Amino acid sequence: MQEFLQYLFSGVTNGAIYAVIALGFSTLYSATDLINFAQGEFVMLGALVLVTLWSQAHLPLWAAFPLTVLLVAAFGMVFERVAIRTVRKPSPILLVLITVGASIFLRGVAMLIWGKDAYSVPAFSKTQAIEIGGAYLLPQSLWILGIVVLLVVGLNLFYHRTLTGKAMQACAINKRAASLLGVGTQKIALLAWGLSAGLGAVAGVIIAPITMSSYDMGTMLGLKGFCAAMLGGLGNFWGAVVGGVLLGILEAMGVGYASSSLRDAIAFFLLLLILYARPTGILGKASTQRF
Amino acid sequence: MERARSVKIVGGVLLALLAVCWMLAPAAVAAETYKIGGLFSVTGPASFLGDPEKKSMEMFAEMVNAAGGINGKQLEVVIYDTEADPTKAVSFANKLIHSDKVLAIIGPSTTPATMAVIPEVEKANIPFISCAAGNKITLPVKPYVFKTAQSDIQAVATIYAYMKTQGIKKVGLLCVDDGFGQSGKEQLLEQAAAYGITVVAEESYGKTDPDMTAQLTKMRLAKPDAIVCWGTNPGPAIVARNAQQLQLNIPLYMSHGVASPKFIQLAGDACEGIMLPSGKIAVAGLLPDGQHQKPVLMDYIDRFNAKYGSGVSGFGGYAWDGMNIITQALCGTNGDKAVLRDRIENMKGLVGVSGTFNFSAVEHNGLGSDSFVMIKIQNGTWALVD
C-alpha cells in the first residue's frame, strides 16, 4: 500500500508537469487550430529565463515569476509576427514544420546563451516532503497541481465567458467567417501565441525546482506534454489535466509493477490503446461538432 | 579591345599564381611545426567531455610553445568538433590524417566515436590516444591505439573494494538508459561476485526524466545495503533529491560521471554523505603534501583556472595527459611516427592528471587502481574517505 501510494505520488508529480505543458498546446490549438512543436522550447525558455532573473539579476522568485512569463509571452508574439504571419500560403503542414524548425533553432540559441550545464532553482516553499501513509510528496508537486487547476479555471472562463475568448474560438473554427463577422483574426492569432508561450513559461517556472533546467530539457517534455494533450483531447483544458496525470501515473505504475526499462513503452502502448478506442481523446468532443 | 584582353590574361596569371601560393603555404608552414590532431565532442550531448578536453589540449600546446617548442619546433594543434557523432569523427579523422597530415591524434571523447576511428588510424599507422573510457578501446591491444581515461573497470573496483570494508553485501543498481549507464551496469554485475556482493535490484531511468521516486520505492522493497546510481548530470542529482524526499536512509553511491562541482550545486543539501569514486583532481587540494600526483594536479588546476576561470574537471585531464605523453615521446624523434609509437609504448612512471601511466606491449591504458580515490560529499564539498 505504501508503495502503491508512492508510485501514485511519483505519477502525479510527473503527470502535473505533463499537464501544465499540455495546456500550452491546447490553448494555441483552441485559437488557431495549430500544433506548436516548439512548445517544449517555450517551457525551456521559461525555466532558463527564471534561472537568469533569479541568480543573475537577484530578483526574488515572486517577482521573477511574472516577469519571466511576460518576457516569454512577448517572445511568442514576436515569433508569430516574424515566422508565422509572414508565410505567404499558410497551409497547416507548413506552419507545423516552421514550429519544428523553431524548436531546433531555439535549442541552439539557448545552448549558446546558457551553455550546456544544468541549473537548479529553489522550491517555492521551503518545507520538507509531506508524508501521507508512509509515502512522500514534494510540496512543489502540490504547487504545480494547484497552479494547473487555477489556469484551467481561468482559461475556461476566458474562452467561454469573454468576447475575446469567444472570438478566438471562432477563429479556430473558421478564420474567414470570423473575419467577415468583424473579428480581427491577426490580432487574435498574436494574442493566442502570446498566451500559449506565456503558459509554456509558467510550466517552465513551476517545474524548474523539480527537474533541472537545461537547454535540452524541452524536447522530451514537449513530446510528453503533446501526448498528454492528445490523450485528454486537444483543445480541452480539463482534458489536458486528465491526460497529463494519467500519463504520469501510467509511467510510474509501469516502473513499479513491471520494469523501469519498459516504462515509456508501457505508457505509450496504453496511450495507443486509449486513442484507438477514443480517437478524440478522453474528454475531447468529436471533431464533427466543431466544424 | 587588345588592351582589355591583355589585362584579362595578366589578371588570370596573377590569380593562378595566388592559388598556387595558397596551396603551397600550409605545406610550407607544416614543415616548421609538429602537428597534432584533436577530435573532441565540443558541442552536442557529450560536450561536458569535449569542451574541457579541447581547452586543455590548446592550453598544453601554448605552454610548450611558450617554452620554445619541441627541439626548436612549435606545436600546432588542429581540433575538430565531432559532436559525439561516430560518422563525423571518422570523416574528421581522415581529414586529420590525409589533409592536415598530423603526427598523432588525441580524442575522440566518447567510446562509440573512438571505436569508429580506430580502423582509420590503424590503416594510416598514426599514434592515437583516445580520451574515452570504454574498455574495448585497448582490449585487445592494438599497436597504435592508447587511451588516458580511467575506465569503468577501475571505478567499479574502487567502489566495491570500499563497500567490502563497510560490510555491504547487497546492492541495488539504478543506471541511466544510455551507453554510460549500460557499460557501468555490465561492470557492476560482472565484478560483484569477486567482492562477495549480490545485486538485488536493477532499475533504469531516462536521461531527462523529472522524477525517479518510483524506481527508488521499488528498490526499497529489495532491501539493499546500498544503492549505486550510474549516470551523468542532471539525473543523479534528481536521484539524490528523491532519495532525500523518500527518507530512504540507504547509503547512496554514485559513479565517477558526477565527480564535478556541478553535481553538488544541482543536488544541494540532498547530496550530503553520497560517496563516489573520482579521479584525484576533485580532491587535489586535500591530498597530503607528499603525494606523488599532487604537484601535477595542482599545476594543471592552476593553469586551467587562470586561463578559463572555472570548469576544471578530470575530463580535460584526459587530453592534457595525452598531450603530455605525446610531447614527451616526441622529443628527439624528428617526427617519425613509428618511433613515436614505440616510445609511448615503453613509457613508464609518467605521473599525469588521471594517474600514473605505465605502458607496455600488453597494456595500452597504463593506469592502475591508484587512478581513482573514494570520496564523500561533506558540508557541501568533497572529502577523502578514511
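Helix H2 of chain A (39-55) has 17 residues and reaches 24 Å from its first C-alpha to its last, close to the 24 Å expected at 1.5 Å a residue. Here the expected span is 1.5 Å times one less than the number of residues, and helices (H or I, at least four residues) and strands (E, at least two) are DSSP runs numbered from the N terminus. The model is a predicted one, in which local features need pLDDT of at least 70 and side-chain atom pairs count only at pLDDT 80 or more, while totals for chains, interfaces and linings use all residues. Residues are numbered from 1 along each chain as its sequence is written, and chains are lettered from A and ligands numbered from 1 in the order in which they are written.

Of the 17 residues of H2(A), 15 are buried, so this helix is largely enclosed by the rest of the structure. A residue is called buried if 20 or more other C-beta atoms lie within 10 Å of its own, exposed if 12 or fewer, and partly exposed in between, with C-beta atoms placed from the backbone.

H4(A) has 23 residues and reaches 32 Å from its first C-alpha to its last, close to the expected 33 Å. Its buried residues are Ile98(A), Ser103(A), Leu106(A), Ala110(A) and Trp114(A), and what covers them includes H2(A) and helix H3 (61-84) of chain A. Just after H4(A), Gly115(A) takes a positive phi of about 75°.

Ser103(A) deserves a look of its own. This residue counts as buried because it has 21 C-beta neighbours inside 10 Å. Leaving aside residues up to four places away in sequence, Ser103(A) touches Phe37(A), Ala38(A), Gly40(A) and Glu41(A); two residues are in contact if their C-beta atoms, placed from the backbone, lie within 7 Å. The C-alpha atoms of Ser103(A) and Tyr29(A), 74 residues apart along the chain, are separated by 17 Å.

Turning to chain B, there are 12 helices and 14 strands, and the C-alpha trace spans about 95 × 50 × 40 Å along its principal axes. Buried residues make up 51% of the 386 residues in chain B. Chain B is divided into domain 1 (32-150 + 294-369) and domain 2 (153-278), with bounds that come from an automatic or database domain assignment. The C-alpha centres of these two domains lie 30 Å apart, and their contact takes nine residues from domain 1 and nine residues from domain 2.

Within chain B, the axes of helix H2(B) and helix H10(B) (residues 294-308) come within 11 Å and cross at roughly 100°. That makes H2(B) roughly perpendicular to H10(B), a label for angles of 65 to 115 degrees; angles under 35 count as roughly parallel, over 145 as roughly antiparallel and the rest as oblique. Lys55(B), Ser56(B) and Met59(B) in H2(B) meet Arg303(B), Phe304(B), Lys307(B) and Tyr308(B) in H10(B).

The two chains also meet each other: 26 residues of chain B are in contact with 28 residues of chain A. On the chain B side, the elements that give two or more residues are helix H2 (47-66), strand S7 (198-205), helix H7 (213-221), helix H8 (235-245) and helix H9 (261-267). The largest share, six residues, comes from H7(B).

Terms used: Axes are lines fitted to C-alpha atoms, for helices over the stretch in contact, and angles run from 0 to 180 degrees between N-to-C directions.
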